[in-house]
Amino acid sequence: MSTRFDPRSLPGGRRLQADVDFDPAATEPADTPIAGRAMVVVVTDRLDGREDSIGPLVTELLEEEGFLVGGVVGVASDEAEVRKALETAVVGGFDFVVTVGGTGVGPRDITPEVTEEILDQRLPGIAEAVRSSGLTAGAVDSIVSRGLVGVSGSTVVANLAPSRAAIRDGMATLCPLVSYVVAQLSAIDEW
């Protein structure tokens, strides 16, 4: 049975406001350096009757790397919904937004096309590093992913394939590189 994902829903039945608010003081650890503020966008048309585990997995991996996760949003694989989620993250001032899903070759896999429309600069070396490490890890969906990585405003946007192996491996590759880019963008803002 297919269940349509509510773009404002969170795992466990919680709901997110249409506009994502982020209060870093509410979640900031006292002595841990912060890599940046992140948002997760899960792109899917169905949950196949199982509880969504993608959002919590990506959140956990981001937090392990020092990112504060200010929101997890699920959206249908629809151009307008994906664009709205990405634009919300950029306008909301997030440093990093990770999309998961919609990167394959199926007719509803539109995440890279929508991402490309909002990017100011592409970072093809990082996207290729994710695919290359996916090959080593045996994550087939990561290898054939058309996912992009780039910068929109001062937000790094990255597309990942949806398997657990692709997510784990992709995040291990992405996080140090994205931390470097976020630090560069922050230094530009301070000039």
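Of the 191 residues of the protein chain, 49% count as buried, where buried denotes a relative accessible area under 20%, exposed one over 50%, and partly exposed a value in between (1.4 Å probe, protein chains only). The chain is a predicted model, in which local features need pLDDT of at least 70 and side-chain atom pairs count only at pLDDT 80 or more, whereas totals for chains, interfaces and linings use all residues. Residues are numbered from 1 along each chain as its sequence is written, and side-chain values use heavy atoms, with hydrogens and water left out. The protein chain exposes about 9,400 Å², of which 53% is supplied by carbon and sulfur atoms, accessible areas being taken from the Shrake-Rupley method with a 1.4 Å probe and, for residues, with only the protein chains shown as cover.

The secondary structure comprises seven helices and six strands, which follow one another from the N terminus in the order α-β-α-β-α-β-α-β-α-α-β-β-α; helices (H or I, at least four residues) and strands (E, at least two) are DSSP runs, numbered from the N terminus. Among contacts in the protein chain with a separation of 6 or more, 78% join residues 24 or more positions apart, a contact being defined by heavy atoms within 4.5 Å.

Residues up to four places away in sequence being left aside, Thr99 touches Val41, Leu86, Thr111, Ala158, Asn159 and Leu160, while Thr111, with the same exclusion, touches Val43, Thr99, Gly101, Gly102 and Asn159. Thr99 and Pro112, 13 residues apart in sequence, lie 9.6 Å apart in space, C-alpha to C-alpha.

A nonpolar patch is formed by Leu135, Val140, Ile143 and Val144, with about 360 Å² of accessible area together, and Val144 is found in the loop between helix 6 (140-143) and strand 5 (149-152). Glu60, Glu63, Glu64 and Glu65 form a negative patch, with Asp and Glu counted as negative and the charge of Glu placed at CD. Glu63, in helix 2 (residues 54-64), is partly exposed because its relative accessibility is 48%.

Conventions
Patches are made of residues with over 30% relative accessible area and no salt bridge: like charges are joined within 9 Å, nonpolar side chains (Val, Leu, Ile, Met, Phe, Trp, Tyr) within 5 Å. A salt bridge is a side-chain nitrogen of Lys or Arg within 4 Å of a carboxyl oxygen of Asp or Glu.
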